[in-house]
Protein chains: 2
Amino acid sequence: MSQEYLKSTIRTIPDYPKKGIMFRDVTTLMQDAKALSIAVDMLAEQYQRHTFDKIAGAEARGFIFGTALALKLGVGFVPLRKPNKLPGKVIKETYQLEYGESSLEAHIDAIQPGEKVLLVDDLLATGGTMLASASLIRRLKGVVEDACFIVSLTDLPGESRLQGEGINCFSLCQYEGE
Amino acid sequence: MSQEYLKSTIRTIPDYPKKGIMFRDVTTLMQDAKALSIAVDMLAEQYQRHTFDKIAGAEARGFIFGTALALKLGVGFVPLRKPNKLPGKVIKETYQLEYGESSLEAHIDAIQPGEKVLLVDDLLATGGTMLASASLIRRLKGVVEDACFIVSLTDLPGESRLQGEGINCFSLCQYEGE
């Protein structure tokens, strides 16, 4: 089964980045040609009855599957970047991390009012990056109702936080326990 | 013509990041569905008679077209990342920037000995990031003979430096003058 094959290519690194965390390493999936192709096909199939205008992904790992899926769905890709990386006029969204805070920026003309935008990332944990991404797009008057992931960590609140903001989540592989 | 269409979607921002620099902004190409598709098709066509085992791209903008082209060519994608981002065992390459230095890391098992690797980035300027990328892959005993770009800045020494290391360059759009 495709999902089992994908899971077999995801490497788990115990105690990274700190003791007690089981880190799900998706780089071993993306460097496997078959798994990369299956993953993008499965995401595209999920959205075959949807019509999106753009896909957006956050720096840096959101760029990886975001662009591949944009190509597959025949839409453009919008990179949401860390501060001072985008050369044009931007808006910025700052959000909390476990320790400290982080920010993302979007070009103000990257999304046109009313455009439907699908958010893509490799892994959904607490959802902070995705909520900041959705906020940026909504401030540009884009419509965000869907987000998708290769992996979701189901005992963390990412999915419920996104649903609370009216965003449906879809993931290919689910893991319990960080 | 396709190349002209691509160029029409690339935004030029004068005096960014400093006075006198004409910054070629490829985000406006990638957010255009037609341009994204044409660009990846043109890169794939260039390499239709080549056989690569992997594509590698450097954080962060190399991830964007790298993954899309990997999917198109049916190979895996290897992300070369900034320090302390990859969870597994890595090798590191440090290189000079105009001011200061930067580093890239690769997982030691991302490339198998003898694998042929195509390097991808959005823009070729002085070639520092690409030379560091090639060095990482060669230290893992991968073979690097080709690198491709959406944009190359032809009055900068990137292409000649890469050729000096035995790497052929291909770009879709060329610009003279920084």
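Reply: Between chain A and chain B there are 12 residue pairs in polar contact, both at pLDDT 80 or more, a polar contact being a pair of N or O atoms within 3.5 Å, where within protein one must be able to donate a hydrogen and the other to accept it, and where residues adjacent in sequence count only if both atoms are side-chain atoms. The model is predicted, so local features need pLDDT of at least 70 and side-chain atom pairs count only at pLDDT 80 or more, while totals for chains, interfaces and linings use all residues. Residues are numbered from 1 along each chain as its sequence is written, chains are lettered from A and ligands numbered from 1 in the order in which they are written, and side-chain values use heavy atoms, with hydrogens and water left out.

The two chains also share 2 salt bridges, each a side-chain nitrogen of Lys or Arg within 4 Å of a carboxyl oxygen of Asp or Glu. Arg11(A) forms a salt bridge with Asp109(B), and their closest N and O atoms are 2.7 Å apart.

As for the contact as a whole (heavy atoms within 4.5 Å), chain A brings 40 residues to it and chain B brings 40 residues. Gln31(A), Leu71(A) and Pro87(A) supply 22% of the area that chain A buries against chain B, more than any other three residues, where buried area is the accessible area (1.4 Å probe) that two parts lose on being put together, summed over both. Because 100% of the interface residues of chain A are also interface residues in chain B, the copies meet through the same surface.
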